[in-house]
Amino acid sequence: MSLAMLGIDGQQLVLFVVAGWLLNLTPGPDVFYIVTHALRSGARAGIVAGLGIAAGCCVHVVAAALGVGALLAASATAFTALKWLGAAYLLWMGVRMLRARPGTGLAAVTRQAEAGAAAPQPAMRAVFGGGFWTNVLNPKVALFFLAFVPQFIAPGAPHKTLAFLLLGLLFTVNALPVCAAWAFGSAWIARRVGALQHRMHWVDRAAGAVFIAFGIKLALTERPAP
């Protein structure tokens with residue numbers, strides 16, 4: 001089945017890819033999650049965080065294609081429930097980072113990295129899971145896909161659901177190089193800024209404060225008018 005049969009124009013597809021890159025360069029909870037873990041445990045952890053976020057995006061894409069995104073847009077109760085779950089999760093992560101004592105958290109993992117010790121596999125699973133839930137529990141992501149993707153599908157397309165799934169998954173895969181760039185860039189900075197290595201507990205504090213701010217911002221988000 002060709003793109004034309006799906007109601008997707010070739011030139012519009014190029015614009016879709018470029019717009020996706022620009023949107024993924026914009027700092028937000030997902031980007032900050034990647035950067036924090038890349039600073040904490042290196043590029044590998046940042047990439048794993050990005051993969052977790054991408055898995056969360058896939059959930060939103062499928063849900064929006066099946067109409068769940070429309071439910072969030074139409075139902076104040078559904079939107080509010082998911083909004084408060086996401087805000088609570090971000091606040092929990094922020095408080096946990098704020099309460100990290102000197103010598104623990106980022107500082108401890110930094111010393112492990114300096115000593116050549118690799119982050120244990122369970123930690124990588126936790127990083128992946130954190131990225132996944134950070135994304136899945138954010139109703140704004142579902143509404144974003146619902147608002148952004150249909151603009152690139154012709155109104156009379158006979159297979160709109162299939163076209164939506166294709167573009168949504170393309171957007172997610174398209175975001176992976178940007179996520180990797182954030183991860184490698186953050187890890188590069190962490191390795192080369194000597195002062196940062198000795199003050200990583202302050203990075204914990206800053207990261208915690210930012211996650212709390214994101215949580216409060218999400219909690220105060222109003223459902224868009226139908």
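What percentage of the residues in the protein are buried? And, with that as background, could you look closely at helix 8 and its neighbours?

Mentor: Buried residues make up 45% of the 226 residues in the protein, where buried means under 20% relative accessible area, exposed over 50% and partly exposed in between, with a 1.4 Å probe and protein chains only. This is a predicted model, in which local features need pLDDT of at least 70 and side-chain atom pairs count only at pLDDT 80 or more, while totals for chains, interfaces and linings use all residues. Residues are numbered from 1 along each chain as its sequence is written, and side-chain values use heavy atoms, with hydrogens and water left out.

The protein has 11 helices and 0 strands; helices (H or I, at least four residues) and strands (E, at least two) are DSSP runs, numbered from the N terminus. Of the contacts with a separation of 6 or more, 87% are between residues 24 or more positions apart, contact meaning heavy atoms within 4.5 Å.

Helix 8 covers residues 139-148, and it packs against helix 9, residues 160-192, at an angle of about 120° with the axes 11 Å apart. Axes here are lines fitted to C-alpha atoms, for helices over the stretch in contact, and angles run from 0 to 180 degrees between N-to-C directions. Helix 8 and helix 9 are therefore oblique to each other, since angles under 35 degrees count as roughly parallel, over 145 as roughly antiparallel, 65 to 115 as roughly perpendicular and the rest as oblique. Their crossing is right-handed; that is the term if the near helix is turned clockwise from the far one by less than a right angle, and left-handed if anticlockwise. On the helix 8 side the contact involves F144, F145, L146 and F148, which meet F164, G168, F171 and T172 of helix 9. Sorted by class, this contact has 6 nonpolar, 2 polar and no charged residues, with Ala, Val, Leu, Ile, Met, Phe, Trp, Tyr, Cys and Pro counted as nonpolar, Asp, Glu, Lys and Arg as charged, and the others, Gly among them, as polar.

Helix 8 also meets helix 3 (residues 43-65), the two axes coming within 9 Å and crossing at roughly 55°, which makes helix 3 oblique to helix 8. C57, H60, V61 and A64 of helix 3 make this contact with V141, A142, F145 and L146 of helix 8, and by class it has 7 nonpolar, 1 polar and no charged residues. The crossing of helix 3 and helix 8 is right-handed.

Since F16 lies in helix 1 (residues 10-25) and F171 in helix 9, the pair ties together parts that are 155 residues apart in sequence. F145 and F171 are also edge-to-face, because their ring centres are 5.5 Å apart and their planes stand at 85°; this pair links F145 in helix 8 with F171 in helix 9, 26 residues apart. F145 is buried, with a relative accessible area of 1%, and F171 counts as buried at 5%.

Notes
Phe/Tyr/Trp six-rings, centres within 6.5 Å; stacked < 30°, edge-to-face > 60°.
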